[in-house]
Amino acid sequence: MASKPRGMLYIGVTADLAARVLQHREDRGSAFCRRYGIKTLVLAEPHERIEEAIAREKALKAWKRDWKIALVERANPQWEDLFERILA
């Protein structure tokens, strides 16, 4: 998730992506997201098992910021909000 293109970034794991994004949008998500206005879903990676998702989250959190931005821009160059797409 992001506050704006190339803005503050948030990486997390959830079993219910739509519900979690909605929490962030309503400022009921993490304190970090509330503080920095992070409400836009810019990238989501599905995983078969929660252990895989948690391992990926930890790996991404260890990445340099530039690498994270490049990952988003490869998948979503316009930094579009993907929330509506996951509801469809």
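Select Ala53, Glu57 and Leu60: these are the buried residues of α3. Buried means under 20% relative accessible area and exposed means over 50%, with partly exposed in between (1.4 Å probe, protein chains only). Helices are DSSP runs (H or I, at least four residues), and strands are too (E, at least two), numbered from the N terminus. The three cover an arc of only 70° around the axis, so they sit on the same side of α3. That arc is taken from the directions from the helix axis to the C-beta atoms.

This is a predicted model: local features need pLDDT of at least 70, side-chain atom pairs count only at pLDDT 80 or more, and totals for chains, interfaces and linings use all residues. Residues are numbered from 1 along each chain as its sequence is written, and side-chain values use heavy atoms, leaving out hydrogens and water.

Lys58 and Ala62 are exposed on its other side.

Which helix do the buried residues of α3 pack against? They pack against α4. Contact here means heavy atoms within 4.5 Å.

Move to α4. Select Lys68, Ile69, Leu71 and Val72, which are buried. They lie on the same side of α4 because their arc covers only 155° around the axis. Part of their cover comes from α3. On the face turned away, find the exposed Asp66 and Arg74.
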